[in-house]
Amino acid sequence: MFLKFPWSPARLITVVALFVTVAYNQTLFAELHSRLNVFSWDAGGFVVTLFAVMLALLGLPLLLLAQSILLKPLLMSVVMLAATLSYFTD
């Protein structure tokens, strides 16, 4: 029989969206760190807001498209697509 995954779909989508946002956008955040003083209030707020918007733009469509059977293949394809796009962007 099938094994039941211990996490809820919303938690799994949030973890994958957080991973994709942090891991595959390192070049963007490194460039922001080199150009901005991220320890000031203005630049720090900009970086936090940009991170939150990127996380929401990735997480919300996944939450809307989440079906129990298609969730894992959808998340695997998102991670593979993000890795490929990150490689060619760098």
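A pocket here is an open set of grid points with protein on both sides within 12 Å along at least five of seven lines. The model is predicted, and its largest pocket holds about 340 Å³ of space.

**The pocket**

The lining of the largest pocket counts 17 residues, and Val20, Tyr24, Asn25, Ala82 and Leu85 are the closest to its centre.

Which element gives the most to the lining of the largest pocket? That is α4, with six residues. By class, the lining of the largest pocket has ten nonpolar residues, six polar and one charged.

**Two helices side by side**

α1 and α4 pack with their axes 11 Å apart, at an angle of about 5 degrees. Angles under 35 degrees count as roughly parallel, so α1 is roughly parallel to α4. On the α1 side, the contact is made by Pro9, Leu12, Ile13, Val16 and Val20. They meet Leu71, Leu75, Val79 and Ala82 of α4. The contact of α1 with α4 has nine nonpolar residues, with no polar and no charged ones.

**A salt bridge**

How many salt bridges does a search of the whole structure find? It finds one. The side chains of Arg35 and Glu31 form a salt bridge, at 2.7 Å from N to O. Both residues sit in helix α2. Arg35 and Glu31 are four residues apart there, so about one helical turn separates them.

Terms used
Residues numbered from 1 in each chain as written. Predicted model: local features only at pLDDT ≥ 70, side-chain atom pairs only at ≥ 80, totals over all residues. Heavy atoms only, no water. 1 Å grid on protein atoms, 1.4 Å probe; cavity = no way out; pocket = protein on both sides within 12 Å on 5 of 7 lines; lining within 4 Å. Points joined across faces, edges and corners; volume = space filled by probe spheres on them. Nonpolar A, V, L, I, M, F, W, Y, C, P; charged D, E, K, R; others polar. Axes fitted to C-alpha atoms, helices over the stretch in contact; angles between N-to-C directions. Parallel < 35°, antiparallel > 145°, perpendicular 65-115°, else oblique. Contact = heavy atoms within 4.5 Å. Salt bridge = Lys/Arg side-chain N within 4 Å of Asp/Glu carboxyl O.
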